[in-house]
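Subject: Structure handover

Hello,

Here is the structure I said I would pass on. Please open it alongside this message; my notes follow below.

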Amino acid sequence: MFPLLLVTLLSGCVHLAPYERATLMTRVMQDPYDPSEAALMAHVIEVREAMAGATVASGASCGCR
Amino acid sequence: MWLPLVLLPSAAFADDPPVGGPGASVAATPGEPRAATSGDPASVRVAPAPAAPAPRVTEANARVDHFADGWITVVAPGAGVKFDLTHGWTVDAAWASDIISGATPHITTDAVSSATRFTEARHGLTLGIDRAPSTDWSVHGSYSGSAESDFVSHSAGVGMKADAFGRMVTFSADYHARFETVGRADDEAYAEPANVHTLDLGGRTILGRSTTATLLATGEFESCAEALGCDASPYRKVRLEDGLSLSERHPGVRGRVAAAARVSQAFGVATAMHAGYRYYLDTWEVTGHTVQLSLVRSFFDDHLTVRANGRYARQSAASFWGPGYASASEWRTGDLDLGGLTSGQGGLSVEGSLYGLGPASRASLSAHFDRLWLRHDVFPDETSRDGWLLGGGIDAIF
């Protein structure tokens, strides 16, 4: 179900030439902006909650729980 | 894991075209002059070979962070480096440690009954390798290992990333297998194994000149030793109504799914907003909703960047969670994090960057400061787990 949704939603209705993507290439559009900081935050939060997954950061597990 | 990491690039180089390219009349090895002929065997001239691209460091970073709440204090140093091995191969390595000290209170029905004081260190190592046969797709593999006095984890993963639809969409898929051993610091013979299999799927698409959208999904299956169960602590106990206490015991399997959608919107070239929502569900009947928002603004031609971010999450309790147990039920837990709770986070990050500094095309110094809140449904006054996270680091791109 999810792959179907993924392809449907992401196949895109517009097409941009490379020169039209300048804004998308700026650093402020990077998500996450700082991957190591995002991984740290995900680690801290996952230790304090039961929820996990579907984040833009991942890392090694720990026995923190 | 070091052996295949070293050998894989060498094996792939054997498929690359010979130095000199098609038409080179005399085979040459890298670094040697090659001969070119012009029909007359006597007129052989020796031309210097173009310099073969050499492996080089493309990125290096180091950081240290500090976390503290009412229970624990953690100092977490880390460092990473990334190499371009040429021919589309890159490798990376990262190290991180947590030096943890504090006390874990054992909260039962109506009181903080006791606290286990401890000081320990966790050391983790991550190795990765990436191969991009073309600019449209790449494959990668990774290994992560983590060890502390009573817990060992090994994780291996493979994945791929591909652009499609005229590079308007990027798909990614990753699979990880993780093997963990839970021990006890006071009992070397104690060992409870757990295996975790995780599949991550993602897709990011361009919606316009200033907008992208991302869909993410994770499915995870965890199987653990029956004695303790998944994600249980050998130290935590639950108190029964008759005053006795028992070790917690969780189900031996756990399935988890999460799906998220994120949108990134630029306002000009110096400001952007990132917003996301995640839904979570697992076989222990924990459901959760998370929303995130981040605003990024750069100043002085990207020499200074300021980010503000916030997060709100709400989760329901696991089906077997309870503030206390009347009798020795099959499943029982003393883990407050499996109960219903509301979680919040807000923070600010600042980064200063210099461009063309020595060999680095960009060198950045960053710092962040975050405040975290946690409110348990059953213990709303237990505010000691509100915490602070602050830290910073240096990052260089070459």
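How many residues does the contact take from chain B, and how many from chain A? Chain B puts in 74 residues and chain A puts in 36 residues. On the side of chain B that touches chain A, strand 14 of chain B gives the most, with seven residues. Sorted by class, that side of chain B has 28 nonpolar, 28 polar and 18 charged residues. Please keep in mind throughout that this is a predicted model.

Chain B itself

Chain B has one helix and 20 strands. Of its 398 residues, 30% are buried. Taking the contacts in chain B with a separation of 6 or more, 52% join residues 24 or more positions apart.

Strand 3 of chain B (residues 56-68) pairs with strand 20 of chain B in the antiparallel sense, over 10 bridges. Within that pairing, B:A62 has B:I394 as its bridge partner. Strand 19 of chain B (residues 360-376) also pairs with strand 20 of chain B in the antiparallel sense, here over 11 bridges. B:R362 has B:I397 in strand 20 of chain B as its bridge partner.

Nonpolar cores

The largest nonpolar core holds 18 residues. Those that touch the most other members are A:A54, B:L216, B:A217, B:A258, B:A259, B:A318 and B:L338, a list with residues of both chains. Strand 11 (211-224) and strand 14 (253-267) of chain B each supply at least two residues of this core. Strand 14 of chain B is also the element that gives the most to the side touching chain A.

Apart from its neighbours within four places in sequence, B:A318 is in contact with A:A50 from chain A, and with B:W284, B:E285, B:V286, B:T333 and B:L338 from chain B.

There is a second, separate core of 14 residues. Its members include A:A39, B:A76, B:A96 and B:L372. In soluble globular proteins, nonpolar side chains tend to be buried together.

Confidence in chain A

Chain A has a mean pLDDT of 77, and 66% of its residues reach 70 or more. Over residues 58-65 of chain A the pLDDT is below 50, although this stretch has 27 contacts in the model beyond near neighbours in sequence. Where pLDDT is low, the predicted coordinates should not be read in detail.

Regards

How values were computed: Residues numbered from 1 in each chain as written. Chains lettered and ligands numbered in written order. Predicted model: local features only at pLDDT ≥ 70, side-chain atom pairs only at ≥ 80, totals over all residues. Core = buried A, V, L, I, M, F, W, Y, C linked by C-beta atoms within 7 Å. Buried ≥ 20, exposed ≤ 12 C-beta atoms within 10 Å, placed from the backbone. Helix = DSSP H or I, 4+ residues; strand = E, 2+ residues; numbered from the N terminus. Contact = placed C-beta atoms within 7 Å. Nonpolar A, V, L, I, M, F, W, Y, C, P; charged D, E, K, R; others polar. Pairing = 2+ DSSP bridges. pLDDT = per-residue confidence, 0-100.
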